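Dear colleague,

Please find below the structure that I am handing over to you.

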Amino acid sequence: MGLERTAKQVDNELDEMCRQIIELMDDYYSNMSKLQHCIRDGCVHLAKSRYLMGHRSVSDLQLPTSGQYTARSTVVREEDTTVIHLACNNDGDDPIKRFGVLVPGSLRKAQEGFCKCVEYSIEAAVIKAEMEKVQKNFLSLKNERNQMTNVVNKGK
């Protein structure tokens, strides 16, 4: 009798993990959809900027080729954990200044869109890491359940 109750508890835990995985998958795909929209909007605004300022004014020629570049944000992973987050540095270089003093609003919107893309990418990575952790626990619990079933079948 005690074995059946334990098996039922394991089945309930497996069901709960399946629910968690489905919720995480839904969060992941909605996050990826947001990321897709941000990339598309950023590219459209960048194209508008190139049209307004000229294709030579908005190109890879403005990228830094020498000297040290200080990023405005970096991805940080906490020690001994899988937690990652975005750390902002207000003293970092503003890349939009490389395009001049008076830049069109579409270039600023493109920058904002691509900054959002970084945030959504980090969220997606965190969700994916959580999914992998739940999946690993699910597989180990499923193996435990299969061993319980094998013990019951051998006893018959």
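I begin with the largest pocket, whose lining comprises 16 nonpolar, 6 polar and 5 charged residues. In this count, Ala, Val, Leu, Ile, Met, Phe, Trp, Tyr, Cys and Pro are nonpolar, Asp, Glu, Lys and Arg are charged, and the others, Gly among them, are polar. The space in the largest pocket amounts to about 680 Å³. Its lining has 27 residues, and Tyr-69, Pro-95, Gln-111, Phe-114 and Cys-115 are the closest to the pocket centre. A pocket here is an open set of points on a 1 Å grid over the protein atoms alone, where a 1.4 Å probe fits, with protein on both sides within 12 Å along at least five of seven lines; lining residues have an atom within 4 Å of a point. The volume is the space filled by probe spheres set on the points, which are joined across faces, edges and corners.

Please note that this is a predicted model, in which local features need pLDDT of at least 70 and side-chain atom pairs count only at pLDDT 80 or more, while totals for chains, interfaces and linings use all residues. Residues are numbered from 1 along each chain as its sequence is written, and side-chain values use heavy atoms, without hydrogens and water.

The protein chain contains 2 helices and 2 strands (DSSP runs numbered from the N terminus: H or I of at least four residues for helices, E of at least two for strands). Their order along the sequence is α-β-β-α. The radius of gyration, taken over C-alpha atoms, is 25 Å, well over the 15 Å that the globule rule gives for 156 residues, so the chain is more spread out than a compact globule. That rule is 2.2 Å times the number of residues to the power 0.38.

Helix α2 (105-155) and strand β2 (84-88) each supply at least two residues of the pocket lining, and α2 gives the most, with 7 residues. Strand β1 (residues 73-77) pairs with β2 in the antiparallel sense over 5 bridges; pairing requires at least two bridges found by DSSP. Thr-74 stands opposite Ala-87, and Ser-73 opposite Cys-88.

Lastly, confidence: the mean pLDDT (the predictor's confidence in each residue, from 0 to 100) is 86 for the protein chain.

With kind regards
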